[in-house]
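Let's take a friendly walk through the pockets of this protein.

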Amino acid sequence: MKSLRVVLTFLLLVTGVPGVIHAHQSIDPTIKDRASLPSKKEADLTGYVNPFIGTDGSGNTFPGTALPFGMIQWSPDTTSNGFYKYQGSTIRGFSLTHLSGVGCPIFGDIPFLPIVGPIRASPATNPSDYSQSFSHNNEQAAPGFYSVNSSSGIQVKLSVTARTGLGVFTYPSTEEANLLINAGGSATGNSMSSVQVIGEDRVVGSAMSGGFCGSNTVYTIYFAVQFDRPFSSFGTWNAGAVNPRLRSSTSKQSGAFLTFDTRQNPMVKAKVGISFVSVENALLNLKTENSGWDFDAVRRKARTTWNEWLSRIEVDEGTREQKQIFYTALYHSLLSPNVFSDANGDYIGFDRMIHQARGYQHYTNISDWDTYRSQVQLQALLAPRETSDMVQSLIVDAEQSGWLPKWVLANDVTAVMGGDNPVPLITSAYAFGARKFDKGSALKYMLKAATQPGVGIHGYRERPRLAEYFKGGYVPYSSGFDSAGVNSASVTLEYATDDFCIAQFARSLGDAKTHNAFMQRAQNWQNLFDAEIGFIRPRRENGVFLEGFDADDVLPRSEVPWDKNNQAGFQEGNSWQYTWMLPYNYKGLFQAIGGNAEVTHRLDRFFKELTGWGRPHFNMANEPSFVSPYAYTFAGSPWKTQQTVRRIMTETFKAAPDGLPGNDDLGATSAWYVWSAIGLYPAIPGVGGFVIGSPSFSSVKIRLGDGRQIHIVADGKPPKNPYVQSLTLNGKPYSRTWLPVESFRSSTSILKFTLAGTPNPLWGSAVADMPPSFTIGQSPAIGFIYGDDYLSVTPGGEAKFSLGVQKIVPESLTLKWSAVVPRGLELRPSSGLIRITGNEKPKVDVQVISSTRILPDSYIIPIRFQLISPVTLKDVKFPETIVEIKVGDSIAKSRRGKQRVRARAA
């Protein structure tokens, strides 16, 4: 996900063939060449899609051809690990499978490569001998189409159906026109591959690969290629051995080469079908979806399909570059997940058995940690049937493996990120209208993972460290490579979010008991909230906060080898970024920080930078930051959300190869842009509703999957004027900044914005107009220790600490506190009453007296709170406040960093 952006001096232009991007040309913001753009009459929105956006820097997108949610993605690779990098000048192959925007290599299976000349050294051991140089001047791409001319004079044109591809390879006049099919050329290497030449016009085979992001995963893909003409000769290779006329090869590095005589006919057409079940099913997919040889017909159908999908959101006005960025973002948002079942319904399950998808299509490649925050909501609204099938696929995966899989790849679980991320993905899909799945089974498997520690296939744990999460209400920090331990704070926040989503889903199904229980767990973020400094902070197993903590300096640094820029306890981030990742209870969080004014002040500091790793600032390159710009609205300053979102859109996205701020992560980053450009954002996981932002187009027409329409109209030149002055919903004034999905009940719902170039601080700022917060189960106050949480005393000596309390409810509170004091120590006082009426943080000085007989050791003193009044707050549970007393040697590490942060954040 990390982004090293390279600033290019050129942008991209749609010219020449309508609907095709030529990689070498520049964007003219005055739109001189209007003939290349889709006219209103044509409604060809594919002309705005620029597949080269994200192919430079760390966007990791691919420019090749694919259909929405298609199984095949036929695209060029410029690196040895299956990526296309725009700065590359040689193509190593055109492989059949890709994931858009991932941060680790995967797939890149069965690369095809047309060459001219004899096959001498093995392509497996000497790949650079055959790589084809090219220029972007001779490269084109559009949804469902890719074309390039190599320096050797070969033209490649590619188009696809859902499970098959059609390639046209046009060679110079030669007797040695060769096509390499590298069965052992997958991006992460192959544990086995096979190829078989059948007759004079067909090749079949398979590839076994896996290991995504270091996971212990494996998949097998099968392929079948049919040519429109016989090859004149053939051969295979096996590792370093080249074997002319040998029809088959099976090894880790196998492949076939096919020779054509192009002196009379320069064109060779190849149809390829893929399947994850068998060669027979690959042939069946080919027969079902791609029976002819008409390349233009396949391409037109692909273009029509993409137009149908892209037209589900129609935007008007705006600049040409805005539309390119927008429709490319929508395009990227629809590339994954990917259909996994074949044309006959067959698919390979998590149990490695062949199953039939009955009444639905089976899907895979679901990057839930990334996509639950922005993408699944978009897909659920636009494509409820397909999204329901995706959710049902996860449930079926659980039935076959015992657990809901995290970050599904093919028929395996990668579990590459923390949290129980299938939960917010499923519940968000449901909340936004994708409901045709087995809801009872979904809840059953959610509850299993949330309540029963257990192990699935190859050691998979859906919720690692669950027993410790039960015990203390948080995952404790631990060193060494234990993903849940070293990322303990972010994993705790993810688990709390997961629990919140379970609560909302259970309530929608009428299960009030589960709702109430999991709302209590949803407030576990309070167990990691250091109320003195107002940040989420990791705790050790004994309950003591992690030492050496400094939010501004991002200390201590992570112990994960590839994550050294980030902070210990946080996955790919730091406390500044993760503290805001609690949108379901911003009200409680903001009160705990110190109120809306302090929150707004901190957010202003946070957004001084918009991208970057290892910095105490917003990072658009990574998903935990996605919701943060909308936090202003929860704090009563929606105009700052409008300002900040527009700034992010204009400064970190552009219509260029390096036009994405970071990994697109199967469309998650692109989906954020789509929502933000529309002027709505699904901020709260598992809840059907939007924070209202500011549209960047004068008209947005959204066609929902069930036929309803949303028409967003903006007066006041939206591209230049982001500030909302007023809003109406279906002709009636609407001052709230939260819009429930249920608001769109009529066949056409109309949101009309009035925008201006200056803020209106009054609109949407009233408490009644703010988005909802879900406070059930939260503690009314959080205790803390002023200064160090740990003290050092000698036997017979004394020390002091001060106890504080941060109130997070409006009511006045009377609390009783009491300490559990180990034998050999004495506290004066050891209990007492604390009354809080306003925003003050009371301070209780406590003296620690050590016995002369106490053994040198570390002693933990839990301080517990009990609510005395008001009695209207029932059944509240307070986080424990912990003091560590070390008797003997002084503590080497101090907590001075905490005090520095408090001073800077004030």
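How many nonpolar, polar and charged residues does the lining of the largest pocket have? Keep in mind that this is a predicted model. The lining of the largest pocket has 20 nonpolar, 19 polar and nine charged residues.

That pocket has a volume of about 1,100 Å³, and 48 residues line it. If you want to find its centre, look for Cys213, Val416, Met417, Trp562 and Gln571, the lining residues that lie nearest to that point. Two elements give two or more residues to this lining, namely α10 (483-486) and α11 (488-508). Of the elements, α10 gives the most, with three residues.

Now turn to the second largest pocket, which holds about 780 Å³ of space. Its lining is made up of 28 residues, and those nearest the centre are Lys471, Gly472, Gly473, Asn527 and Lys877. Here α9 (466-472), α12 (512-522) and β45 (857-869) each supply at least two lining residues. The largest share, five residues, comes from α9. By class, this lining divides into nine nonpolar, eleven polar and eight charged residues.

| Pocket | Volume | Lining by class |
|---|---|---|
| Largest pocket | about 1,100 Å³ | 20 nonpolar, 19 polar, nine charged residues |
| Second largest pocket | about 780 Å³ | nine nonpolar, eleven polar, eight charged residues |

Key
Residues are numbered from 1 along each chain as its sequence is written. This is a predicted model: local features need pLDDT of at least 70, side-chain atom pairs count only at pLDDT 80 or more; totals for chains, interfaces and linings use all residues. Side-chain values use heavy atoms; hydrogens and water are left out. On a 1 Å grid over the protein atoms alone, a cavity is a set of points where a 1.4 Å probe fits but cannot get out, and a pocket is an open set with protein on both sides within 12 Å along at least five of seven lines; lining residues have an atom within 4 Å of a point. Grid points are joined across faces, edges and corners, and a volume is the space filled by probe spheres set on the points. Helices (H or I, at least four residues) and strands (E, at least two) are DSSP runs, numbered from the N terminus. Ala, Val, Leu, Ile, Met, Phe, Trp, Tyr, Cys and Pro count as nonpolar, Asp, Glu, Lys and Arg as charged, and the others, Gly among them, as polar.
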